[in-house]
Amino acid sequence: MSSDSVKSFSSLETPGYVGFANLPNQVHRKSVKKGFEFTLMVVGESGLGKSTLVNSLFLTDLYPERVIPDAVEKQKQTVKLDASTVEIEERGVKLRLTVVDTPGFGDAIDNSDSFSAILEYIDEQYERFLRDESGLNRRNIVDNRIHCCFYFISPFGHGLKPLDIEFMKKLHSKVNIVPVIAKADCLTKKEIQRLKCRILQEIEENGIKIYPLPDCDSDEDEDYKEQVRQLKEAVPFAVCGATSLLEVKGRKVRGVCTPGEWLRTHMQDLQEVTQEVHYENYRSERLAKGVKRNNGVAKEEDIVITDKDRILQEKEAELQRIQEELARMQAKIKAQQFAKIGRSGSMAKDEEDDEFLPDRDAAKGFYAKYEPKEILGRGISSTVRRCIEKETGREFAAKIIDLGAEGATEASTRHMLEATRQEISILRHVMGHPYIIELQDVFESDAFIFLVFELCKNGELFDYLTSVVTLSEKKTRYIMRQVFEGVEYIHAADIVHRDLKPENILLDDSLNVKITDFGFAKHLEPGQKLFDLCGTPGYLAPETLKCSMFEDAAGYSKEVDVWACGVIMFTLLVGCPPFWHRKQMVMLRNIMEGKYSFTSPEWADISEDPKDLIRKCLVVDPVKRITVQEALRHPFFNTVKRRQSLFNARKKFLYAILCVRAVVRIRRLRFTAEPLKVEEALKDPYRVKVLRKVIDGCAFRVYGHWVKKGEGQNRAALFENMPRTELHTLYMNNLSR
């Protein structure tokens with residue numbers, strides 16, 4: 001490599017600069033945008049100024065509607081916990097502050113059990129965080145764990161009370177304790193210093209661990225080191241607060257409180273200690289609970305499983321079932337890909353083998369009646385050819401199924417033969433409807449089955465959608481009406497299709513739909529429910545997924561086809577599926593929860609009627625889901641006919657003039673460029689509809705799948721996670737030119 005080429009990679013101003021020095025700025029921007037969470041607990045007897053101190057620290061009023069109980073109510077009052085949350089913003093940084101107050105603590109005559117409710121609350125927050133962390137949705141976890149506990153000590157005693165010692169001994173292993181001497185303005189400086197020494201001595205004698213301020217690093221600023229040293233010497237803090245603003249020497253002050261400086265410098269460290277020490281201790285004990293090891297052998301104890309334990313176990317079992325089911329689906333898809341790529345012999349995929357026609361001797365009836373032509377498409381164990389009926393010259397599509405494919409066992413061959421015969425039976429049962437594929441002839445030999453269908457020259461609806469990206473409401477109404485009418489006819493024959501998708505919907509010469517591929521179809525008896533998992537992942541209804549995850553699932557019926565119609569309609573209008581995600585497990589969870597939205601830019605120009613029909617089709621509960629008959633009566637399909645008015649020549653002439661003017665304007669639009677600045681096009685080209693279609697079309701032809709802006713709209717591997725051989729052929733042809 002020449003020296004000139006080396007110089008072009010580095011800047012003269014910043015030689016050797018890579019860019020990772022900017023990572024702290026990126027973390028800072030992300031953290032500020034997300035905001036922060038902090039939970040503070042205040043514990044102490046009534047009347048020590050807990051609420052006043054919190055309002056002084058954060059310059060807010062957390063209890064605007066608090067009512068102070070009278071003496072009679074205080075006699076009946078027990079310890080309760082009052083959590084208040086407020087959003088605070090300071091210099092563009094947002095803080096979600098939660099203050100947990102403990103009114104009634106230490107006010108009773110017998111306080112032996114007054115702190116049990118507080119300890120239970122702290123454990124509940126750890127348990128809730130652990131359950132959310134172990135669940136499926138870990139992205140938006142609300143952290144309500146106690147990060148800091150201000151323990152208020154009365155200034156009127158000679159140190160810690162027995163209640164204080166007993167409670168802090170149980171509390172110090174769960175939260176960060178910060179001892180605070182309340183109402184310090186009623187003591188002199190000598191009295192405060194004497195009380196501090198006494199409190200610290202009793203804390204050390206009883207083995208109580210309070211929050212230790214971390215030591216400063218050697219490279220820290222000297223002012224910061226001095227500030228930390230002063231804070232360490234000030235423990236336990238002597239505080240006083242005020243809710244009213246006073247003006248002293250022209251400056252407004254609210255109160256004197258040392259913890260304010262302490263929180264400003266060590267709030268992040270409090271959260272880290274809570275996460276890395278207290279929560280990890282609880283998590284280790286919680287996960288190890290229930291099994292006792294004795295001499296290296298695990299023995300189960302008689303442990304009462306609480307509702308929280310049961311819910312956690314159910315979520316873990318559900319997650320494991322989903323992962324196992326996903327692994328089975330991926331293994332099946334991978335096996336199909338390998339079979340499609342590696343299989344050779346009688347069903348070879350090379351173009352040079354197109355002249356080979358299988359089983360000429362055994363299937364003489366097929367070759368006597370039809371003349372096979374070029375290959376239209378290929379499947380895992382089948383090939384579709386165009387063929388011509390010799391007597392009439394009519395064109396048909398012959399699906400040739402290979403029963404003896406390479407690697408097929410006797411059991412798989414028998415299963416394929418039975419499935420094909422069942423599909424033939426169902427096709428003959430639903431013949432005669434204009435929107436269902438018509439089976440013309442069937443020929444069977446020892447190694448092959450020949451199915452002759454009517455020919456749909458416009459191919460699959462999926463390929464048509466690929467070329468146009470999206471369909472208008474009018475075109476979608478035209479196609480979906482036919483799909484719903486075809487499904488209605490299928491359901492009337494007590495048959496459920498179970499694999500409706502654009503790949504299984506063909507378009508004839510007039511762009512009328514033909515529902516095909518009844519390989520997964522099933523005839524239902526009255527009241528019968530199905531439980532087997534089949535279909536395409538992007539179209540599976542929630543009740544179908546539940547059958548593979550839960551043993552006590554209620555099963556599914558014809559409603560799954562309505563769900564698939566809703567997914568198809570969603571895809572036709574905007575060109576992307578509603579539940580797609582790059583992680584298939586997240587996609588399945590979105591289906592289970594019915595989680596989709598109409599927030600993409602394409603939905604801005606779509607009216608409310610199609611959205612309403614999609615919402616009614618994509619209802620998680622099959623009982624509440626719309627039926628096919630109700631869908632056909634939906635306002636989206638029912639256009640209003642205008643009543644014919646009396647003929648008026650003057651109005652008719654004016655109407656004709658307006659129409660001519662409108663046509664002239666419309667014709668001029670093609671020559672009128674849309675006003676668009678270069679800066680806007682470079683910044684967000686996807687905003688312009690014309691550019692959006694160009695991007696989608698080019699991306700599909702380059703990558704073989706759609707690539708859209710935003711993860712939620714990505715159309716990669718749109719319904720089938722397998723390569724499309726037409727793209728490979730197109731690519732090879734382009735290379736040869």
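Me: In which order do the six strands of the mixed open sheet lie?

Reply: Strands of a sheet pair through backbone hydrogen bonds, in either a parallel or an antiparallel sense. In this predicted model, the open sheet of six strands runs in the order E2-E3-E1-E4-E5-E6, and its pairing is mixed. At the edges are strand E2 (82-90) and E6, each of which pairs on one side only.

Me: How many bridges join E2 and strand E3, and in which sense do they pair?

Reply: E2 and strand E3 (residues 93-101) are antiparallel to each other and pair over nine bridges; within this pairing, Asp82 has Asp101 in E3 as its bridge partner.

Me: Which strands does helix H6 lie across?

Reply: Helix H6 (residues 162-171) lies across strand E1 (36-43), strand E4 (148-153) and strand E5 (177-181), and runs at about 170 degrees to E4.

Me: What is the strand order in the open sheet of five strands?

Reply: That sheet has the order E11-E12-E13-E15-E14, with antiparallel pairing. Strand E11 (370-378) and strand E14 (439-444) are at the edges with a single partner strand each, so one side of each has no neighbour in the sheet. From one strand to the next, the twist averages 25 degrees.

Me: Over how many bridges do E14 and strand E15 pair, and which helix packs on the sheet?

Reply: E14 and strand E15 (residues 448-454) pair over five bridges in the antiparallel sense, and Val442 has Leu451 in E15 as its bridge partner. Helix H12 (residues 410-429) packs on this sheet, where it touches strand E13 (395-402), E14 and E15, and its direction makes about 155 degrees with that of E14.

Me: How many aromatic pairs are found in the whole structure, and how is the pair of Trp563 and Phe579 arranged?

Reply: A pair of aromatic rings is described by the distance between the centres and the angle between the planes. The search of the whole structure finds 21 aromatic pairs. Among them, Trp563 and Phe579 are stacked, at 5.4 Å centre to centre and with 10 degrees between the planes. Trp563 belongs to helix H16 (residues 559-574), while Phe579 is in the loop between H16 and helix H17 (584-593), so the pair ties together parts that are 16 residues apart in sequence. Both Trp563 and Phe579 are buried.

Me: What is the geometry of the pair formed by Phe598 and Trp603, and why does Phe598 count as buried?

Reply: Phe598 and Trp603 form an edge-to-face pair, at 4.6 Å centre to centre and with 70 degrees between the planes. Phe598 counts as buried because its relative accessibility is 18%, and the cut-off for buried is under 20%. Trp603 is also buried, with a relative accessible area of 2%.

Me: Which residues form the aromatic cluster, and over which rings does Arg145 lie?

Reply: Phe366, Tyr367, Tyr370, Phe396, Phe443, Phe448 and Phe450 form one aromatic cluster. As for Arg145, its charged end sits over the ring of Phe129, 3.8 Å from the ring's centre, and Arg145 also lies over the face of Tyr279, at 4.8 Å from the ring centre.

Me: Where is Cys240 found, and how far is its C-alpha atom from that of Ile181?

Reply: Cys240 is in the loop between strand E6 (237-238) and strand E7 (246-248), and it is partly exposed, with a relative accessible area of 23%. Although Cys240 and Ile181 are 59 residues apart along the chain, their C-alpha atoms are separated by 8.7 Å.

Technical notes. Residues are numbered from 1 along each chain as its sequence is written. This is a predicted model: local features need pLDDT of at least 70, side-chain atom pairs count only at pLDDT 80 or more; totals for chains, interfaces and linings use all residues. Side-chain values use heavy atoms; hydrogens and water are left out. Two strands pair if DSSP finds at least two bridges between them. Helices (H or I, at least four residues) and strands (E, at least two) are DSSP runs, numbered from the N terminus. Axes are lines fitted to C-alpha atoms, for helices over the stretch in contact, and angles run from 0 to 180 degrees between N-to-C directions. Contact means heavy atoms within 4.5 Å. Rings of Phe, Tyr and Trp (its six-membered ring) pair if their centres lie within 6.5 Å; planes under 30 degrees apart count as stacked, over 60 as edge-to-face and the rest as tilted. Buried means under 20% relative accessible area, exposed over 50%, partly exposed in between (1.4 Å probe, protein chains only). A charge sits over a ring if NZ of Lys or CZ of Arg is within 6 Å of the ring centre and within 35 degrees of the ring normal.
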